[in-house]
Amino acid sequence: MIRRIVTALILVPLAIVVISFAVANRQSVVVSFDPFDQTHPALTRALPLYLLMLTLLIGGVVVGGIAAWIRQGRWRRAARRADAQARELRAEVDRLKRRLGPTALPAHPGSGDAAPRLMIPPPAA
């Protein structure tokens with residue numbers, strides 16, 4: 001419930017800002033994709049300014065997410081290796097338990113054949 005309230009407190013003002021930005025920047029701008037001929041560019045497109053800005057913002061978020069995903073690849077690989085090693089070790093422990101039999105190991109590691117506690121008498125008064 002609190003998560004929904006916090007999300008609403010963040011997303012509602014953000015939506016208001018984005019909508020007001022779009023309404024304030026409705027004029028068209030010409031975007032040229034031809035770096036060689038500035039007088040007669042081959043690839044041009046007229047877009048509303050807000051659409052250009054939002055497209056660049058979304059593109060930046062996507063590119064940043066891909067870059068972060070690529071940089072974290074070694075950690076994901078290490079986690080997969082650790083998971084595989086943990087599965088192998090669990091299988092080995094189960095195999096050893098079956099080989100030793102059910103009575104060889106106590107059910108709980110801290111109980112069972114623990115040494116008796118030593119009782120020290122209180123000092124004589």
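A: Helices and strands here are DSSP runs, at least four residues long for a helix and at least two for a strand, numbered from the N terminus. On that basis, the elements run α-β-β-α-α from the N terminus on. That is three helices and two strands in the chain. Keep in mind that this is a predicted model.

Some context for the whole chain comes next. Buried residues make up 5% of its 125 residues. Take the contacts in the chain with a separation of 6 or more: residues 24 or more positions apart account for 18% of them.

At 1.5 Å a residue, the 28 residues of H3 should span 40 Å. The end C-alpha atoms are 41 Å apart, so the two values agree. After H3 comes Gly 101, with a positive phi near 100 degrees.

H3 has helix H2, residues 49–71, as a contact partner. The two axes come within 4 Å and cross at roughly 45 degrees. This angle makes H2 oblique to H3. From H2, the contact uses Trp 69, Ile 70 and Arg 71. From H3, it uses Gly 73, Arg 74, Trp 75 and Arg 76. By class, that contact holds three nonpolar, one polar and three charged residues.

Side chains of opposite charge can pair when their charged atoms come close. Arg 87 forms a salt bridge with Asp 83, and their closest N and O atoms are 3.1 Å apart. A salt bridge needs that distance to be within 4 Å.

How exposed are the two partners? Arg 87 has 48% relative accessibility, so it counts as partly exposed. Asp 83 has 39%, and therefore also counts as partly exposed. A search of the whole structure finds one salt bridge.

Definitions and conventions: Residues are numbered from 1 along each chain as its sequence is written. This is a predicted model: local features need pLDDT of at least 70, side-chain atom pairs count only at pLDDT 80 or more; totals for chains, interfaces and linings use all residues. Side-chain values use heavy atoms; hydrogens and water are left out. A salt bridge is a side-chain nitrogen of Lys or Arg within 4 Å of a carboxyl oxygen of Asp or Glu. Buried means under 20% relative accessible area, exposed over 50%, partly exposed in between (1.4 Å probe, protein chains only). Axes are lines fitted to C-alpha atoms, for helices over the stretch in contact, and angles run from 0 to 180 degrees between N-to-C directions. Angles under 35 degrees count as roughly parallel, over 145 as roughly antiparallel, 65 to 115 as roughly perpendicular and the rest as oblique. Contact means heavy atoms within 4.5 Å. Ala, Val, Leu, Ile, Met, Phe, Trp, Tyr, Cys and Pro count as nonpolar, Asp, Glu, Lys and Arg as charged, and the others, Gly among them, as polar. The expected span of a helix is 1.5 Å times one less than its number of residues.
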